[in-house]
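Hi there,

Here is the model I promised to send over. Have a look, and my notes follow below.

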Amino acid sequence: MCVLPSGIHVGRSNVKVVAERRLPEIRQFLISLFNSADEIAHSDLVYTFFHPLLRDQQEADINSAKVKGTPAPMEDGQPPQVGGKIKISMQYHRDTLIVMIHHVLSLPNTPGGQPPNTYVKVYLKPDSSKATKRKTKVVRKNCNPSFMETLEYRLPLEYIQKKVLQVTIWSHDSLQENAFLGGVELPLAEIDLRRETIQWYQLGYLSRV
């Protein structure tokens, strides 16, 4: 893999000149990085570095009052575009189901053509009372957001194994209805929750969200 040279020291007046001179080297380094083996190019370190970190993001309150406008056009109750994938890890440990939302890749733009203000919502279905609702913070204007957030359910394992983990991705909009961007449902009885599992899941349409 291409390595960037180091040890260059410049004064403030030369920063722009040196930056322009190093641009081809940086471009070559990035091409080399993203063409590396999957365990390097798609590692958590690379995703976290190139995606906005939570401490640098503006937080949005997804519970704030909204002035409801006309929702974006839907087909059969679904948005025009749904896609991407999500990386999730989970484990039942110390009487608690721990769900880690890592990253989301390749989300579609909103119906208005803008990158989504993304957040993730999680339920243990069925749940008519919505008592198991959990959600992440909002990552603004990003089709490839990183969350690195832990959502927890302190419930008996026997109860959790009868549930389906529903994970949905939404775009927060303070003026209109939040836009559904995709989701996945995971029957927990089919997963060995006593061991940590880490996996990418394809996002798609859900019959009910």
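How many bridges join β1 to strand β8 (residues 197-202)? There are 6, and the two strands run antiparallel. Before the rest, a word on the basis: this is a predicted model, where local features need pLDDT of at least 70, side-chain atom pairs count only at pLDDT 80 or more, and totals for chains, interfaces and linings use all residues. Residues are numbered from 1 along each chain as its sequence is written, and side-chain values use heavy atoms, with hydrogens and water left out.

Strands here are DSSP runs of E with at least two residues, numbered from the N terminus, and two of them pair if DSSP finds at least two bridges between them. Ile86 has Tyr201 as its bridge partner in β8. Strand β1 (residues 85-93) is also joined to β2 (residues 96-105), antiparallel, by 8 bridges; there, Tyr92 is partnered with Leu97. The hairpin of β1 and β2 has 2 residues between the strands, and Arg94 takes a positive phi near 55°.

The C-alpha atoms of Ser89 and Val99 are separated by 5.9 Å, at 10 residues apart along the chain.

Best wishes

Notes. Helix = DSSP H or I, 4+ residues; strand = E, 2+ residues; numbered from the N terminus.
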